[in-house]
Amino acid sequence: MTNSISTDICIIGAGPVGLFAVFEAGLLKLRCHVVDALPQVGGQLSEIYPKKPIYDIPGFPDILAGDLVQNLMRQIEPFHPTFTLGERVERLAKLEDGTFQLFTTDGTEIFCKAIAIAGGLGSFEPRKPAVESLETYEGGRGVYYMVRDPETFRDRRIVIAGGGDSALDWTIFLADVAKEVTLVHRGTTFRGAADSAEKVQKLHEAGRARLVLSSNVTHVHGQDSLEAVTITANDGTAETLPVDAFIPLFGLTPKLGPIGDWGLELEDDAVKVNTLDYSTSVPGIFAIGDINTYPGKLKLILCGFHEAALMAQGAYKYMFPDKRYVLKYTTVNGVPTL
Amino acid sequence: MTDEVRIYVEEAPGQRREVVAPTDMALSVMEVLKASGYDIQATCGGMALCGTCHVEVLAGPALDEPGDDELAMLESLPVMTQGSRLSCQIRITNRLDGLVVRLMPQGT
């Protein structure tokens, strides 16, 4: 069944700028729905450096990235935003009445009056190894870049590739689920959590998981679905292993993704905006934060916050062209609730 | 002593572009490459956390050994060569004059 949501503004991207946009829109009593491809809010701050301090947020001499996200979530609570996480907006349609309909990867439909793209550097997508024909087996045919449901791999023969914490953690977890687990790592040592590396080594010694070091998965084989992979050692020797699933876990990297196909005017993979209100070349669609570009652009959270405030005003005027808007200060009026 | 060094980016086999880098601004190679127009995401801003500034050192002066954080990140990437480094972790100093690097692909 299709999940259908109706809101005033759909914010694409749940990073700090997207979250603050909820606040600014909330002050204008606009409802927001936030969509992000990642399973949690916070964007880069949560995904890459939650424990790193940030020093250029006004009023905070230093604040951990993860704490800033938590604070932003607290700040927007009064506005009761709704979220669709772990789904990427694939497509949008502008309807006859000037409103929009968005479609996500998992079939969620969002109806909204305006769109604010706060997509940062784009959606975080799996970093794929350069193995020929890998894409042939994507989409449930044997190549998986993340483990959404471990049960997918129950009693199956799997090969995991990678040397980071994800590869180690899933090797440990799936050793109890899958029929056979092989971890292929290009190096000879793991610099992830020492405890995890030790557990994998013990599983290997106990015959419950196979560890293949100094090697790469270099080829994938099969007809309609994946049937085997070739593992090539650094010394050139190779073996072909029958498998049901191959899981390369090399982290995530940001890509502009489908936003690039929405008919917006772009410049160097960023969305061009009018700094009057951060509107894009398509009326009703705004872009704020690292995803946009304009003369003098600075990719700072601080600047994204400023852009969010102006965007909210612009979106309000787009939605209610006949209503007169009067700027109100929170110190005088407090924070309204929705 | 000069206050700038020259590093070279191999854009294609045998085709190198010279980049002049100041030594008195505490910049990293990543920052200099980015400022020179190279398409480097450097998502994490230079904390050795994202691997999107991965370069291969092809020639030039000996560099300090990579630290644990840098090695950990490099080892988690799909491709790593003998010369692999995170450009955000290489500080521009006078010793870097003549360094030759190649930008590594970020995967498909």
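A:Tyr49 touches A:Gln44, A:Ala65, B:Cys44, B:Met47 and B:Leu49, leaving aside residues up to four places away in sequence; a contact here means heavy atoms within 4.5 Å. A:Tyr49 sits in the loop between α2 and β3 (53-54) of chain A, and its relative accessible area of 12% makes it buried. Buried stands for under 20% relative accessible area, exposed for over 50%, and partly exposed for what lies in between (1.4 Å probe, protein chains only).

Some ground rules before the details. This is a predicted model, in which local features need pLDDT of at least 70 and side-chain atom pairs count only at pLDDT 80 or more, while totals for chains, interfaces and linings use all residues. Residues are numbered from 1 along each chain as its sequence is written, chains are lettered from A and ligands numbered from 1 in the order in which they are written, and side-chain values use heavy atoms, with hydrogens and water left out.

**Annotated sites**

- UniProt, in an unreviewed entry, places the feature "binding site" at A:Asp36, A:Gln44, A:Tyr49, A:Val89, A:Phe124, A:Asp290 and A:Thr331. These positions span 296 residues of sequence and are spread in space too, up to 37.4 Å between C-alpha atoms.
- UniProt positions are given in the numbering used here, feature names are shortened, and annotations may be inferred rather than shown by experiment.
- A:Gln44 belongs to helix α2 (residues 44-47) of chain A and is buried, with a relative accessible area of 13%.
- Not counting residues up to four places away in sequence, A:Gln44 touches A:Tyr49, A:Leu121, A:Phe124, A:Asp290 and B:Thr43.
- The unreviewed UniProt entry also has the annotation "domain: FAD/NAD(P)-binding", covering residues 8-295 of chain A. Over that stretch the chain is 17% helix and 33% strand, and the end C-alpha atoms are 29 Å apart.

**Where chain A meets chain B**

- The contact takes 20 residues from chain A and 22 residues from chain B.
- About 1800 Å² is buried between chain A and chain B, with carbon and sulfur atoms giving 52%; buried area is the accessible area (1.4 Å probe) that two parts lose on being put together, summed over both.
- In chain A, A:Arg127, A:Arg186 and A:Arg191 lose the most area to chain B, together 37% of what that side buries.
- How many salt bridges does the rule find across the interface of chain A and chain B? It finds zero, where a salt bridge is a side-chain nitrogen of Lys or Arg within 4 Å of a carboxyl oxygen of Asp or Glu.
- Strand β17 (residues 252-255) of chain A gives the most to the side of chain A that touches chain B, with three residues.

**Chain A as a whole**

- Chain A has seven helices and 21 strands; helices (H or I, at least four residues) and strands (E, at least two) are DSSP runs, numbered from the N terminus.
- Its C-alpha atoms fill a box of roughly 70 × 45 × 40 Å, taken along the principal axes.
- Of the 338 residues of chain A, 52% count as buried.
- Among the contacts in chain A with a separation of 6 or more, residues 24 or more positions apart account for 58%.

**Salt bridges**

- Over all chains, the structure holds 21 salt bridges.
- A:Arg31 forms one with A:Asp8, the closest N and O atoms being 3.5 Å apart. This pair links distant parts of the chain, with A:Arg31 in the loop between α1 (16-27) and β2 (32-36) and A:Asp8 in strand β1 (residues 4-12), 23 residues apart.
- A:Arg31 is partly exposed at 38% relative accessible area, whereas A:Asp8 is buried at 6%.
- A:Glu307 pairs with A:Lys297 in a salt bridge whose closest N and O atoms are 2.9 Å apart. A:Glu307 lies in helix α6 (residues 301-319) and A:Lys297 in the loop between β21 (292-293) and α6, so the pair ties together parts that are 10 residues apart in sequence.
- A:Glu307 is buried with a relative accessible area of 0%, and A:Lys297 is buried with 16%.

**Backbone details**

- Most residues other than glycine have a negative phi.
- A:Ser214 has a positive phi, near 50°, and is found in the loop between β12 (210-212) and β13 (215-222) of chain A. At 21% relative accessibility, A:Ser214 counts as partly exposed.
- A:Asp268 likewise has a positive phi of about 50° although it is not a glycine. A:Asp268 lies in the loop between β18 (266-267) and β19 (270-272) of chain A and counts as exposed, at 75% relative accessibility.
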